[in-house]
Amino acid sequence: MSVADYMTDRVITVSPDTKINMAVNVMKDNQIHRLPVIDGDKLVGIVTEGTIQAASPSKATSLSIYEVNYLLNKMTVGEIMEKEVKTISKDAQLEDAISTMRHHDVGVLPVMDGEQVVGIITTNDVLDGFLDITDYFVDATVVQVMIEHDRKGVIYEMGKIMADNGFNIQTLIVTRNLGPIMIEMHVDKTDGVAVKKALEDAGYSVRLVVSQKVK
């Protein structure tokens, strides 16, 4: 899955000379938490609720509310924006975006097509992608099978067992970070007992069988 599949392509931006109070209003009106900053056609920064809060006078300030508002009316986005912006290509894989977010501890990445900002992807978009990839919103039996030793043909064998018993695999995920290899299948039948029996009769170790119901 590519970043372009899950990014938000309706990108709302501001310019460096936008006043902070205006940027706050744009965020509120559009129910968003960050804004890419564009100067001409070039991405020059990003402003978030966090950067605005950090730039605002603290509650302990001796300034009056009128003085605070005056300052926010005078300060521009360009004065407080984050200038070192991590980005991702629209053609990158979703896992590339996840890795970049984790490595740099950021929750949003402007999505680029060359030098042009064409979207934005956030941690929520990534989570939506995970739910989509795992078919979370489709009724299924979730089966986890543990494989002690990797060998060729395991996926083929399990697929044949499912087909021979009239089961259809909707999604399949393989992870190698738990010690033994774990293969998680989402099967279109809700008869978890029959699915488990078919696999165990073929010699597979089934760790978990649960019914996934759409809520």
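Which residues of helix 9 are buried? The buried residues of helix 9 are G192, V195, A198 and L199, where buried means under 20% relative accessible area, exposed over 50% and partly exposed in between, with a 1.4 Å probe and protein chains only. This is a predicted model, in which local features need pLDDT of at least 70 and side-chain atom pairs count only at pLDDT 80 or more, while totals for chains, interfaces and linings use all residues. Residues are numbered from 1 along each chain as its sequence is written, and side-chain values use heavy atoms, with hydrogens and water left out. Helices (H or I, at least four residues) and strands (E, at least two) are DSSP runs numbered from the N terminus.

**Helix 9**

- Seen down the axis of helix 9, its buried residues fall within an arc of 130°, so they line one face of the helix; the arc is that of the directions from the helix axis to the C-beta atoms.
- An α-helix has 3.6 residues a turn, so residues three or four places apart point the same way.
- On the other side of helix 9, the exposed residues are V193, K197 and D201.
- The cover over the buried residues of helix 9 includes strand 6, helix 8, strand 8 and strand 9 (205-212), with contact meaning heavy atoms within 4.5 Å.
- Just after helix 9, G203 adopts a positive phi of about 95°.

- In helix 8, the buried residues are V154, M158, I161 and M162, and they cover an arc of only 95° around the axis, which puts them on the same side of helix 8.
- The face of helix 8 turned away from its buried side carries Y156, A163 and D164, which are exposed.
- Strand 6, strand 7 (169-175), strand 8 (181-187) and helix 9 are included in what covers the buried residues of helix 8, and just after helix 8 the residue G166 takes a positive phi of about 80°.
- The axes of helix 8 (residues 154-164) and helix 9 (residues 192-201) come within 10 Å and cross at roughly 130°, where axes are lines fitted to C-alpha atoms, for helices over the stretch in contact, and angles run from 0 to 180 degrees between N-to-C directions.
- Helix 8 and helix 9 are therefore oblique to each other, given that angles under 35 degrees count as roughly parallel, over 145 as roughly antiparallel, 65 to 115 as roughly perpendicular and the rest as oblique.
- The crossing of helix 8 with helix 9 is right-handed; a crossing is left-handed if the near helix is turned anticlockwise from the far one by less than a right angle, and right-handed if clockwise.
- This contact is made by M158, I161 and M162 of helix 8 together with V195, A198 and L199 of helix 9.
- By class, the contact of helix 8 with helix 9 has 6 nonpolar, no polar and no charged residues, where Ala, Val, Leu, Ile, Met, Phe, Trp, Tyr, Cys and Pro count as nonpolar, Asp, Glu, Lys and Arg as charged, and the others, Gly among them, as polar.

- The axes of helix 6 and helix 7 come within 11 Å and cross at roughly 140°, and that makes helix 6 oblique to helix 7.
- The crossing of helix 6 and helix 7 is left-handed.
- Where the two helices meet, L94, I98 and M101 in helix 6 touch T123, V126, G129 and I133 in helix 7, and the residues of this contact divide into 5 nonpolar, 2 polar and no charged.

**Individual residues**

- Most residues other than glycine have a negative phi.
- D105, in the loop between helix 6 and strand 4, has a positive phi near 55° and is exposed, with a relative accessible area of 71%.
- D135, in the loop between helix 7 and strand 6 (140-147), also has a positive phi near 55°, and D135 is partly exposed, with a relative accessible area of 21%.
- S2 lies in the segment before helix 1 and, at 16% relative accessibility, counts as buried.
- Leaving aside its neighbours within four places in sequence, S2 is in contact with K90, D91, A92, Q93 and L94.
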